[in-house]
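Please walk through this protein with its ligand.

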Amino acid sequence: MTEFTDTFIRKMLVANSAADSTVNVDGRQMLCFCSNNYLGLATHPELVQAGLETISEFGVGTGASRFVSGNTSLHEQLETDIAHFESADAGVVFSSGYMANVGTVSALVRRGDVVISDRLNHASIIDGCRLSGAKMLVYPHRNVEALEKIVKRYRARYKRALLVTDTVFSMDGDVAPIDRIAKVCTENDMIFMVDEAHATGVFGKTGRGVCQAQSVVADVHLGTLSKALGCSGGFISGKADLMENIRNRARSFIYTTAMPATLCATASAAIRVLGANAVQWLDDYWKKIGYFKQGLAKIGFDAAGFESQIFPLLADSDENALRIAESFQNEGIMVTAIRPPTVPAGTSRLRLTVIRTHTYEQLDRCLEVVQSMKHLFCMESATGKVK
Ligand SMILES: *Cc1c(COP(=O)(O)O)cnc(C)c1O
């Protein structure tokens, strides 16, 4: 039998509760600093209630894909709610953000086209690019000058061109210069797609993402229900005809069983709850993010690189990243080491996330543990090192 000696084995922690500010691991309450449940919605009573109310009527599974018999009124309602939330013509829901990216990118471009992608884009974007059959060109992280050079040199050789970027980068927590990228797209007849997976529910006045914060409109706007919205699933929004086109071409939409109707109801509830609380929650949340950032700056980290709720703390070596993560866990704090191939070699890190439901005492406790392990960290910012 073939042996997979090159496989990189990661161990998983086992939780017995939702990943809110604290999580139960092996009977032990741990502080959680690595969840993407940014607003604490995963356990919100209104979402749980929406799930309970619909599961008795709609059951658990949907039995078939959306185009067969799996499409319910709750799916339709969720897509209406998404379009409304995004102030867009239309929305399309996928069973995960991963599937949304893979399906959308491969629906937009094909052989003979080109897709231009930031070097640190999420794996699901990269997989979508590969699957599409289009020529893939990668530009250095957030580097608009380099992007312009690539566009100038290659754009004319291809029929259709797609530019795709994360807005908040998942492992670096920094923000793409989307206003400048949007301009390059407009000037060069390129489709502009953004992935707001980590920005949905966090950035922008009502939580629509970085596009809202920077008043940029992308052709395809991708968000996720899995992170700040506390549920599971992904979505895109944009012009109605484009959305209809993607719906009918994206294989990850067509060839999979419709997501559970209950989940649609909980996601609709998440959008509703966010709508009712966004201004106050986000104000409160960003104060906590600022407080944590300041705390890290006091310890000596290059805080200029921290632009979101995601804090990548580089370890001084790949081995030390694991050692630090273990020490955190011994101190009762759940964090994980992020290592290659998820991040470039030599940039292993602890990826800490602040969530809205953390208390200031919990933030202080985490900072205290970071301080105690200062000698194992590299104080440079992740993006500084990647460039
Ligand atoms: C998490 C993530 C996704 C995938 O979303 P899931 O709903 O978890 O599948 C896509 N893009 C980015 C940038 C992400 O961070």
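This is a predicted model: local features need pLDDT of at least 70, side-chain atom pairs count only at pLDDT 80 or more; totals for chains, interfaces and linings use all residues.

Residues are numbered from 1 along each chain as its sequence is written, and side-chain values use heavy atoms, with hydrogens and water left out.

The ligand has 15 residues around it, of which Gly 97, Asp 195, His 198, Ser 226 and Lys 227 come nearest (a residue is near if one of its heavy atoms lies within 4 Å of the molecule). By class, this shell holds two nonpolar, ten polar and three charged residues; Ala, Val, Leu, Ile, Met, Phe, Trp, Tyr, Cys and Pro count as nonpolar, Asp, Glu, Lys and Arg as charged, and the others, Gly among them, as polar. Helix 4 (residues 97-108) gives the most to the shell, with three residues; helices are DSSP runs of H or I, at least four residues long, numbered from the N terminus.

Polar contacts are pairs of N or O atoms within 3.5 Å. A polar side-chain atom of Ser 226 lies 2.5 Å from a ligand oxygen, and a side-chain N or O atom of His 198 is 2.6 Å from an oxygen atom of the ligand.

Leu 263 is found in helix 11 (residues 261-299). Leu 263 counts as partly exposed because its relative accessibility is 24%, between the limits for buried (under 20%) and exposed (over 50%), with a 1.4 Å probe and protein chains only.

Terms used
A polar contact is a pair of N or O atoms within 3.5 Å; within protein, one must be able to donate a hydrogen and the other to accept it, and residues adjacent in sequence count only if both atoms are side-chain atoms. Helices (H or I, at least four residues) and strands (E, at least two) are DSSP runs, numbered from the N terminus.
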